[in-house]
Amino acid sequence: MGERTQLAANEEKLTRTGQVDAGPSVATAAERRLDAENWLLSAALDRARARTDWAEQGVALLRCDGPFNAVKICADLVHAAAGTDVPGEVDAYLAQALHGGPVFYDLIGCEYYVLVPPSADRREWSVYRQGEAEFLGQDCCMGVPRLTALFPEGARQYWRVPLRGAGELASVDAVTQLIDTGRFHSARAEGLAGG
């Protein structure tokens, strides 16, 4: 499309919708993914090994308390907070509740992992029942899926809310609110079931 034709198309769209196409963003998306990947790899004990593990196994071992920490939350608690266990609906809930903060899921452990800023340990998290939620910080390592693992097919872990860019983490307060909402709905359901 010539420059003049593109300009006319943009003017027409601006008149119709109030927005103009930003143009192709394939390079920008690829650059952001590469930046995010390199940022994640800064938490690897061995970057080359982590890259190989992502390529061969789809998961790399990364340490917490570097550029990020994590909160591991059991699936039942997340599903209670979301009010559903339908994957697409849970993903939409997580994206909204965590303001786009990155979340991946472990199919074997049935656990969600939310990436949070370093040193985000919260005292109130220590009062949760065993297995509901666990803060992963200093002296913890975890398997993290490659950024392109967005579906469960052939993967043990995959992103439910993808990491959009380097350093874009979930708010600690939003994670706490999600956990508290899940606990509230779980307790309510147990109360209704019990009597």
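A133 is buried, with a relative accessible area of 13%; buried means under 20% relative accessible area, exposed over 50%, and partly exposed in between, with a 1.4 Å probe and protein chains only. Before I go on, this is a predicted model, in which local features need pLDDT of at least 70 and side-chain atom pairs count only at pLDDT 80 or more, while totals for chains, interfaces and linings use all residues. Residues are numbered from 1 along each chain as its sequence is written, and side-chain values use heavy atoms, with hydrogens and water left out.

Back to A133. This residue is in strand β5.

Now the overall layout. The protein has 6 helices and 7 strands. Helices (H or I, at least four residues) and strands (E, at least two) are DSSP runs, numbered from the N terminus. In sequence order the pattern reads α-α-α-β-β-α-α-β-β-β-β-β-α. Of the 195 residues, 38% are buried. Among contacts with a separation of 6 or more, 73% join residues 24 or more positions apart; contact means heavy atoms within 4.5 Å.

Next, the sheet. Which strands form it, and in what order? Five strands make an open sheet in the order β5-β2-β4-β3-β7, with antiparallel pairing. Two strands count as paired if DSSP finds at least two bridges between them. β5 and β7 are the edge strands, each pairing on one side only. On average, neighbouring strands are turned by 25° against each other, direction ignored. Axes here are lines fitted to C-alpha atoms, for helices over the stretch in contact, and angles run from 0 to 180 degrees between N-to-C directions. Inside the sheet, β2 and β4 pair in the antiparallel sense over 6 bridges, and A70 stands opposite L115 in β4.

Two helices go with this sheet. α4 lies across β2, β3 and β4, at about 80° to β2. α5 packs on the sheet as well, touching β3, β4 and β7, and its direction makes about 60° with that of β7.

On to the cores. A nonpolar core is a set of buried Ala, Val, Leu, Ile, Met, Phe, Trp, Tyr and Cys residues joined through side-chain atoms within 4.5 Å. The largest one has 27 residues, and I73, L94, L98, V175 and L178 touch the most other members. Elements that each supply at least two residues include β2 (69-74), α5 (87-97) and β5 (133-136). The largest share, 5 residues, comes from α6. Leaving out residues up to four places away in sequence, L94 touches V78, H99, V103, Y112, V161 and L178. A second, separate core of 22 residues includes L40, W54, A60 and L115.

Last, the cysteines. How many disulfides are there in the whole structure? The search finds 0, a disulfide being a pair of cysteine sulfur atoms within 2.5 Å. The sulfur of C140 has its closest cysteine sulfur in C64, and at 5.7 Å the pair is too far apart for a bond. C64 counts as buried, at 5% relative accessibility, whereas C140 counts as partly exposed, at 22%.
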